[in-house]
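This report describes selected elements of the chain shown below.

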Amino acid sequence: MSCVHKRRLTLMNMRNVAIIAHVDHGKTTLVSQLLKFSGTYRDASSLSNDFVDSNPIERERGITILAKTTALDYKGVKIHILDTPGHADFGGEVERIMHMVDGCILVVDAFEGTMPQTRFVLKKALQSHVKPIVVINKIDRPNANPKKVVDDVLALFIELGAPEEFLDFKVAYTSALKGTSSLSADPDDQVPGMAAVLDLIISEISEPQVEPDKPFQFQPALLDYNDFIGRIGIGLVKRGSVKLNDIITDIRLDGSFKQFKVLKIFGYSGINRIEIDHAEAGDIIGIAGLTDINVGETLCDNNNLDALPILRIDEPTLQMTFGTNSSPLAGRDGKFLTARKIEERLNREVQKDVSLRVKRIENAEQWIVSGRGELHLGILIENMRREGYELEVSKPEVIIKTINGVKCEPYEDLSIDIPNDFTGTIMDVLGNRSADLVKMESEETTTKLDYVIPSRGLIGFISNFLTLTKGYGIISHTYKEYRPMIKANVGERQVGVLVSVDQGTSTPYAIEHVEDRGILFIEPKVDVYEGMIVGENKYDIDLAVNVTQTKPQTNVRSSNKDFTVVLKSARKMSLEACLDYINRDELVEITPTTYRMRKKVLNTAERKKYDYKKRNGLVD
């Protein structure tokens, strides 16, 4: 039997699929259950339902940040499953992954149904003509309505212009949390295991559409990074085969050529990356050997230089200024404080994150860091904090583009589900943020609102939204397009802050006298410094306050008995809440143990002069 014929028989026993969904509809839990059920892990019972998400932040937040390549064997078929991010900030990865697979599993919550990011990820799949299988997950949820959800999914397929052959999609019903599945919409028909889903993958998704008998061709769709071997390009072998130590050619994005030696080839087993000595058409692999390999380039045989179409990489829409920590408390907590260390860390991140841009500001220990959204940049900051870095960051700002001579800014589709009691409040707030109401659907207890809003109108809104709806609201948004910029002052905080005038430790005595001025962000026995934001003012101006004052000591005994000071609870501010909260003249100081909001100008007298100039238009 010829080698090519053997390879074609092998391809019949391979499937490459992506798993796509809206945030929190259960993609990663489902992948974990598929890996467990397939027998990939001997002691599967000891594995958590989110073991595919290896990053601690992913587990804490319950979201997938980084695309994961996994592989399992089921009934003699090797199935590569790529777990994709569900958040719009990482949508570029979803689009590139579609070039590596022949089918996808669209996961939809049996209660929530189709959501904005369901539309977003499905649109990416349909644009790449990737055949979908639908999985209705969380079928055991109270008030789940799987039949209605299937109808909604069909309507979404039609609305997105899916080809006729995709409209007759197959459906499986699962409870990924419990590890059960079936082909029936009745929750009582659920059976242990994931056979229903895996059998559909084998029967409905075709083997890899590749060319095993042609010269080698490969295109990286994702990047990884290793300190010892540099960048690793991850993608699908489109043609032929490659072996360890082969000399191959990289066709660069600018059309130039560069030959290099293949130092490592990585395959996948479960969630583990394993070293292999060769790979063939249809395999999803990682290749190392070229330190500056990039997404969208083509690796090919030296004698057959045939470039694939360049993959599109989403441009950043949001930017922040990162800088070394300049606060009076700098250096107390962190291991990495200097500009050199911060720059090295940012450059390492750029090596594996193709949507991130870093530019050093001349003659300053600062960098403009551009990304796909607040979540994208916020996760980078949180990772750096946990690794021991100290830094300070500015308010996120949208990236303005000039298109046909007109200044344009990014806009987003915004979808909100809220209890009816909060509808009026939310509509008023969004109206003040220049959002346009596109659609409104009212039900017995809830209202669904669809808006188009400038991206800067969302800065500072999301954390406020949770407060306004008392935690009952559901919000999601996706990038739409660039439109001409509006002149409205959108996204700035409308209330003033309480700013410390002294350095020291906060005291109950001082806080008791300040808390009537507004809401405090700090408690007693917290280190503060001049210019640090310690609370929110009741009015729309900033107010300098003393939170370190101690009770005067005299030798006269008070006629009243001493009593315990009872203080109001301080407002807890997460990192995301701080980034949303600050204005353009403020910063967030980040250390491994804490984060603090502060004014850019710390000195109270100098800040008053700056504020005067700002009010009179003398400074930006």
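Together β12 and β13 form a hairpin, with five residues between the strands. Within the turn, G255 adopts a positive phi of about 90°.

## The eight-stranded sheet

An open sheet with mixed pairing comprises eight strands in the order β2-β3-β1-β4-β5-β6-β7-β8.

Strand β1 (residues 14-21) pairs with strand β3 (residues 77-83) in the parallel sense, over six bridges. In this pairing, V17 has I81 of β3 as its bridge partner. Helix α2 (residues 27-37) packs on the sheet and touches β1, β2, β3, β4, β5 and β6. The direction of α2 makes about 35° with that of β2. Helix α5 also packs on the sheet, where it touches β1 and β4; the direction of α5 makes about 165° with that of β4.

## Helix α6 and its surroundings

Helix α6 (residues 146-159) contains 14 residues. From first to last C-alpha it reaches 20 Å, close to the 20 Å expected at 1.5 Å a residue.

Which residues of α6 are buried? They are P146, V149, V150, V153, L156 and F157. These residues lie on the same side of α6, because they cover an arc of only 120° around the axis. The face turned away from this buried side carries the exposed residues K147, D151, I158 and E159. The packing partners of the buried residues are β4 (103-109), α5 (116-127), β5 (131-137), α7 (164-167) and β6 (171-175). Just after α6, G161 takes a positive phi of about 75°.

## Confidence of the model

The average pLDDT of the chain is 83, and 89% of the residues score at least 70. Confidence is highest in strand β22 (residues 391-394), at a mean of 93, and lowest in helix α3 (residues 56-61), at a mean of 51.

Over residues 49-54, pLDDT stays under 50. For this stretch the model has 30 contacts beyond four places in sequence. Where pLDDT is low, predicted coordinates should not be read in detail.

Technical notes. Residues are numbered from 1 along each chain as its sequence is written. This is a predicted model: local features need pLDDT of at least 70, side-chain atom pairs count only at pLDDT 80 or more; totals for chains, interfaces and linings use all residues. Side-chain values use heavy atoms; hydrogens and water are left out. Helices (H or I, at least four residues) and strands (E, at least two) are DSSP runs, numbered from the N terminus. The expected span of a helix is 1.5 Å times one less than its number of residues. Buried means under 20% relative accessible area, exposed over 50%, partly exposed in between (1.4 Å probe, protein chains only). The arc is that of the directions from the helix axis to the C-beta atoms. Contact means heavy atoms within 4.5 Å. pLDDT is the predictor's confidence in each residue, from 0 to 100. Two strands pair if DSSP finds at least two bridges between them. Axes are lines fitted to C-alpha atoms, for helices over the stretch in contact, and angles run from 0 to 180 degrees between N-to-C directions.
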